[in-house]
Amino acid sequence: MVLPIGIAIYVEWLQFEILSIASSFLGDFETALFTSYMNIFYIFQNLPLGITVTIGTRVGNAFGSRDTKTAVRYLQAGFAAIIIAIAFYCTGIYIYAESIIRLISEDELVIKEYLKNCHYVSIFLIVDGISNYYSTAMRTSGHEKFMMNAYFICYPAGTVLGILLVFVFGLSSSIWLLLGIMFGEIAFVIANTIRLLSSDFDKLCDEIATRMELSLIHI
């Protein structure tokens with residue numbers, strides 16, 4: 001699964017590059033505004049990313065030792081931790097929006113427009129944090145193939161949707177490029193939630209532990 005995961009990371013970064021190029025067709029102002037959105041996103045996405053890595057390690061260890069109850073508890077506790085963390089810091093991003101954007105840009109027009117749309121940025125960060133949680137939870141609970149399929153469908157679809165909203169439906173603001181990705185992430189979260197809730201964790205636990213044992217034998 002190393003290659004597909006590497007491709008997924010590349011695709012995620014590539015979609016932001018594509019949308020950055022797309023924003024340039026809206027003019028210098030919208031390009032500067034979209035770049036500000038992305039800079040703030042890159043800065044603040046690392047907190048939920050770190051939490052999800054910790055969750056993944058704990059869940060994987062529990063499944064590997066055939067301890068289903070502990071694995072499920074870590075999945076539940078991890079989701080609660082992600083929700084609390086992103087709600088806390090996204091509230092801070094919204095409250096201190098002007099102070100944050102002034103660290104990113106000196107253009108008063110960009111600052112003014114960002115302040116009008118900062119609630120969208122906060123919502124996007126919340127959805128992205130939950131999406132990161134599911135990406136890790138699905139991989140460590142034996143659903144990596146389903147997760148990858150959902151990823152390669154939902155994320156590119158979100159990128160295309162953002163471009164369509166701006167260039168076909170005439171919503172000529174770069175915030176809609178960002179929201180297109182968000183809609184793709186929402187679809188990703190819904191698909192993985194349904195899959196995870198319908199899982200037989202005892203069966204998954206046995207399969208994961210068996211695969212780990214076999215990999216150790218081959219080593």
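The buried residues of helix 5 (residues 97-104) are Ala97, Ile100 and Ile101. Looking down the axis of helix 5, these buried residues stay within an arc of 90 degrees, so they line one face of the helix. The arc is taken from the directions that run from the helix axis to the C-beta atoms. Here, buried stands for under 20% relative accessible area, exposed for over 50%, and partly exposed for what lies in between, using a 1.4 Å probe and protein chains only. The buried residues of helix 5 pack against helix 2, helix 4 (68-95) and helix 6; a contact requires heavy atoms within 4.5 Å.

Before going on, a word on the model. It is a predicted one, in which local features need pLDDT of at least 70 and side-chain atom pairs count only at pLDDT 80 or more, while totals for chains, interfaces and linings use all residues. Residues are numbered from 1 along each chain as its sequence is written, and side-chain values use heavy atoms, with hydrogens and water left out.

Now for the whole chain. The protein chain has 9 helices and 0 strands; both are DSSP runs numbered from the N terminus, with helices being H or I of at least four residues and strands E of at least two. Along its principal axes, the C-alpha trace spans about 60 × 35 × 30 Å. Of the 219 residues in the chain, 45% count as buried. Among contacts with a separation of 6 or more, 79% come from residues 24 or more positions apart.

What lies inside? The largest nonpolar core has 58 residues, and Tyr37, Tyr114, Leu178 and Phe188 have the most contacts inside it. Helix 6 (residues 108-140) gives the most to this core, with 13 residues. Such a core is a set of buried Ala, Val, Leu, Ile, Met, Phe, Trp, Tyr and Cys residues joined through side-chain atoms within 4.5 Å. In soluble globular proteins, nonpolar side chains tend to be buried together. Leaving out residues up to four places away in sequence, Leu178 touches Phe34, Tyr37, Met38, Val121 and Phe124.

Helix 2 (residues 28-44) and helix 3 (residues 46-64) also meet, packing at an angle of about 35 degrees with their axes 5 Å apart. Tyr42, Ile43 and Phe44 of helix 2 make this contact with Asn46, Leu47 and Pro48 of helix 3. The axes are lines fitted to C-alpha atoms, for helices over the stretch in contact, and angles run from 0 to 180 degrees between N-to-C directions.

| Residue | Relative accessibility | Class |
|---|---|---|
| Cys90 | 2% | buried |
| Cys118 | 5% | buried |
| Thr159 | 7% | buried |
| Arg66 | 38% | partly exposed |

How many disulfides are there? The count comes to 0 disulfides, where a disulfide is a pair of cysteine sulfur atoms within 2.5 Å. The sulfur of Cys90 is 11 Å from the closest cysteine sulfur, in Cys118, which is too far for a bond.

Thr159 sits in helix 7 (residues 144-167). Apart from its neighbours within four places in sequence, Thr159 is in contact with Gln15, Ile18 and Leu19. Arg66, by contrast, belongs to the loop between helix 3 and helix 4. Although Arg66 is not a glycine, it has a positive phi of about 60 degrees.
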